[in-house]
Amino acid sequence: MKSLYLTCACLLAALSLAAQQNFIPGTLLLRNGDSIRGLIDYRKWDVSPLQIVFRENGGTEKNYKPGDIKGFRVAENEELHLSISAVLDVTNETVNELSASSARDTITGEHFFRVMMDGPVKLLLYTDRNSREHYAVMENGDVTQLVKKEVFIDNPESVDYHKLKTHNFYRQQLVNIVGKCVPEHKMLRMDYSEKAIRKVLQQYVACRYPGEQVTFRKEDRQTRATLGVMGGGSLNFTRFTGSHPLANGKYGGKISPVLGLFLDIPISRNRQKFSWNNEVVYTSRAMASNFMRNGLNYSVDVDLQYIQVQTMVKYTYPKGNLRPYVNAGVAGAISIGGKDELRRTGEFNSYIPPAEKALDGGREFMLPLMAGVGVRYNKLHAEARFVLPHNISPFLALDSQITGVQLLVRYTLF
């Protein structure tokens, strides 16, 4: 239980740190056509921001709402947001909500839309508080909101009674925008998604504005989840105490392999400064000793194998090619068997008896805490990790303290 409490405390502390400000270079776009460079408190907005915090170099912080400025740009990934006047239907489109009331929840005014495709025709996106996506098309300064709407059918005579029905108004809207440049049948079953809408608009731009180029939002490599492989070795140290015979042995350090997969998920509000580091690894706890007790020779040879599901919080220094990091978390270790041998022979007896179980298979489940330091260079990570003392013994008469030092290499696949 102590392990769980400590881990929860670490996670809460990390989340508290993640809520801190994250100022990075950016530009304010003013209504009069001017711009101001400075620092924007960047939050990787999964939900479109209601306002931003901007600080001129050497100046004070100031809040800006969509009605105050024309837009803003984040320099690091060229993320552009424009202030757009719109009436947005932000109804939470679930069966429970829509069946309870037919009233729609709308917000009117200026809103920050992110530019997903830029050029003579722009594709814009607003994500509301219910994580609903709202797309819009801008051409020659005119904005068309692409509408997709779900309604609850409460008419008993309808074949869709007590179901949600989707109205895909955006398809006809796109037909009206692109005219004859794009065959109408391509929009009859198209999804309400960035990829599908962007594909249609690309064809339209090539037809309507030949020679004009379009650009797309850059994938922010610092904020996406990354999957990779990891490997290395663990030097484990074992110390037994208690009245059990195994407590009389001396156990030196033993090296075990560490092999696995990892998935790093950034904590969105601070890019990849803070991230969840999730791993599934194979490793083992090995120990060996030979000693005498009460006229008997004891020979211990143990190599218990485990699959571990590890969750850690990681902080990465966000600048430079070589980026140091620290992490801490907990591992859920599940036993999958392995060697567990104990042999007892008389002092002058050459007979080798059959092996007994030294630890009765060890504990089936453990929650050791761990912490590490490392450095990342592009896709390659090198890390030293420390596994804090934990008990592997299932016996009341035998307490074990196993600690480990791991040297790991992690490689990001994608």
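Biologist: Which residues does Gly-232 touch, not counting residues up to four places away in sequence?

Modeller: Contact here means heavy atoms within 4.5 Å, and by that rule Gly-232 touches Ser-256, Pro-257, Val-258, Leu-407 and Leu-408. This is a predicted model, in which local features need pLDDT of at least 70 and side-chain atom pairs count only at pLDDT 80 or more, while totals for chains, interfaces and linings use all residues. Residues are numbered from 1 along each chain as its sequence is written, and side-chain values use heavy atoms, with hydrogens and water left out.

Biologist: Is Gly-232 buried, partly exposed or exposed?

Modeller: The classes rest on relative accessible area, where buried means under 20%, exposed over 50%, and partly exposed in between, computed with a 1.4 Å probe and protein chains only. Gly-232 counts as partly exposed because its relative accessibility is 34%.

Biologist: Which strand holds Gln-406, and what does Gln-406 touch, not counting residues up to four places away in sequence?

Modeller: Gln-406 is in strand S22, and its partners are Gly-233, Ser-234, Val-258, Glu-383, Ala-384, Arg-385 and Val-387. Gln-406 counts as buried because its relative accessibility is 5%. From Thr-91, which is 315 residues away in sequence, Gln-406 stands 51 Å away, C-alpha to C-alpha.

Biologist: What can be said of Val-409 in strand S22?

Modeller: Strand S22 covers residues 398–412 and contains Val-409, which is partly exposed because its relative accessible area is 46%. Leaving aside neighbours within four places in sequence, Val-409 is in contact with Val-229, Met-230, Gly-231, Leu-380 and His-381. Val-258, which is 151 residues from Val-409 in sequence, is 9.9 Å from it in space, C-alpha to C-alpha.

Biologist: Which residues of helix H3 are buried, and what covers them?

Modeller: An α-helix has 3.6 residues a turn, so residues three or four places apart point the same way. In helix H3 (residues 169–178) the buried residues are Tyr-170, Gln-173, Leu-174, Val-175, Ile-177 and Val-178. Their cover includes strand S9 (133–139), strand S10 (142–146) and helix H4 (194–208). Gly-179 follows H3 and has a positive phi, near 60 degrees.

Biologist: What is the phi of His-162, and what is the phi of Asp-360?

Modeller: Most residues other than glycine have a negative phi. His-162 has a positive phi near 65 degrees, and His-162 lies in the loop between strand S11 (149–152) and strand S12 (164–167). Asp-360 also has a positive phi, near 55 degrees, and this residue sits in the loop between strand S18 (322–346) and strand S19 (365–366). Asp-360 counts as partly exposed because its relative accessibility is 49%.

Biologist: How does the radius of gyration of the protein chain stand against that of a compact globule of 414 residues?

Modeller: The radius is taken over C-alpha atoms, and the globule rule is 2.2 Å times the number of residues to the power 0.38. The protein chain has 30 Å, whereas a compact globule of 414 residues would have a value near 22 Å. Buried residues make up 42% of the 414 residues.

Technical notes. Helices (H or I, at least four residues) and strands (E, at least two) are DSSP runs, numbered from the N terminus.
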